[in-house]
Amino acid sequence: MTASAPCKLATLDLLKPVVVALKASGKIVVLANGCFDLLHVGHIRYLQGARELGDALVVGLNSDESVRRLKGPQRPLMPEGERAEILSALECVDHIVIFQEPTVEALLLALKPDVHCKGTDYTEESVPEREIVRSYGGRVAIAGDPKDHSTRDLIQAILSQHRR
């Protein structure tokens with residue numbers, strides 16, 4: 001990481017007391033998660049919208065292996081360290097933690113953020129982790145613009161331009 005982009009990446013063990021301290025001081029902690037493999041405007045709007053819901057935004061970043069399980073063997077396009085560095089450069093992102101599990105459930109239970117934020121491809125009732133979030137007193141929220149952008153579509157557009 002360069003001096004101009006401080007690293008906001010932390011291990012879960014280091015991040016837990018930070019989140020506890022934030023919450024103890026009355027701050028609202030929001031967790032958003034995703035692969036963020038090829039950052040696009042939909043990601044930016046999602047993360048900015050998530051940050052507006054609280055005082056600190058923690059981003060759960062899928063590990064390389066997790067991305068492969070979710071998206072296939074050709075992904076991720078960028079390794080997790082580079083994806084974390086790009087996210088660190090965003091003003092709306094306060095902390096980043098990489099998770100290996102197939103879902104964000106363990107991260108939610110470990111950090112217990114006040115708000116778990118998902119993109120507009122979900123509703124509050126369709127968020128898979130909603131019962132876990134509610135079990136510890138948190139709430140689920142939706143942020144971002146309509147799901148008109150995707151990394152998959154961007155990859156296809158790049159490939160079709162390249163084939164010309």
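Modeller: This is a predicted model, and across the whole structure a search turns up 1 aromatic pair. The partners are Phe36 and Tyr46, and their rings are stacked, with 6.4 Å from centre to centre and 15 degrees between the planes. The angle counts as stacked because planes under 30 degrees apart are put in that class. The pair links distant parts of the chain, since Phe36 sits in the loop between E1 and H2 while Tyr46 belongs to helix H2, 10 residues apart.

Both partners can be taken in turn. Phe36 counts as buried because its relative accessibility is 5%, and the limit for buried is under 20%. Tyr46 falls in that class too, with a relative accessible area of 8%. The backbone at Phe36 also deserves a look: its phi is near 50 degrees, a positive value in a residue other than glycine.

From Tyr46 the view widens to its helix. The buried residues of H2 are Gly42, His43, Tyr46, Leu47, Gly49 and Ala50. They lie on the same side of H2, because they cover an arc of only 160 degrees around the axis.

At least two lining residues come from each of strand E1 (29-34), helix H2 (41-51), helix H3 (64-71) and helix H7 (151-162). H2 gives the most, with 3 residues. By type, the lining divides into 11 nonpolar, 13 polar and 10 charged residues. E1 and H2, both among the contributors to this lining, are also the elements on either side of the loop that holds Phe36.

Lys112 is not a glycine either, yet has a positive phi of about 50 degrees. Its place is the loop between helix H5 (105-111) and strand E4 (115-118). Lys112 is partly exposed, with a relative accessible area of 37%, whereas Phe36 is buried at 5%. The other feature is a cis peptide bond, running from Arg75 to Pro76, with omega near 5 degrees. Pro76 is found in the loop between H3 and helix H4 (80-88).

Charged contacts complete the tour. The count of salt bridges comes to 10. One of them joins the side chains of Glu125 and Arg130, at 3.9 Å from N to O. Arg130 also meets Glu131 in a salt bridge, with an N to O distance of 3.8 Å. Glu131 in turn forms a salt bridge with Arg134, and there the closest N and O atoms are 3.3 Å apart. Arg134 and Glu131 are separated by about one helical turn, because they are 3 residues apart in helix H6 (residues 130-135). Through shared partners, these salt bridges join Glu125, Arg130, Glu131 and Arg134 into one network. Within it, Arg130 is partly exposed at 23% relative accessible area, Arg134 is partly exposed at 36%, and Glu131 is partly exposed at 48%.

Conventions
Residues are numbered from 1 along each chain as its sequence is written. This is a predicted model: local features need pLDDT of at least 70, side-chain atom pairs count only at pLDDT 80 or more; totals for chains, interfaces and linings use all residues. Side-chain values use heavy atoms; hydrogens and water are left out. Helices (H or I, at least four residues) and strands (E, at least two) are DSSP runs, numbered from the N terminus. Ala, Val, Leu, Ile, Met, Phe, Trp, Tyr, Cys and Pro count as nonpolar, Asp, Glu, Lys and Arg as charged, and the others, Gly among them, as polar. Rings of Phe, Tyr and Trp (its six-membered ring) pair if their centres lie within 6.5 Å; planes under 30 degrees apart count as stacked, over 60 as edge-to-face and the rest as tilted. Buried means under 20% relative accessible area, exposed over 50%, partly exposed in between (1.4 Å probe, protein chains only). The arc is that of the directions from the helix axis to the C-beta atoms. A salt bridge is a side-chain nitrogen of Lys or Arg within 4 Å of a carboxyl oxygen of Asp or Glu.
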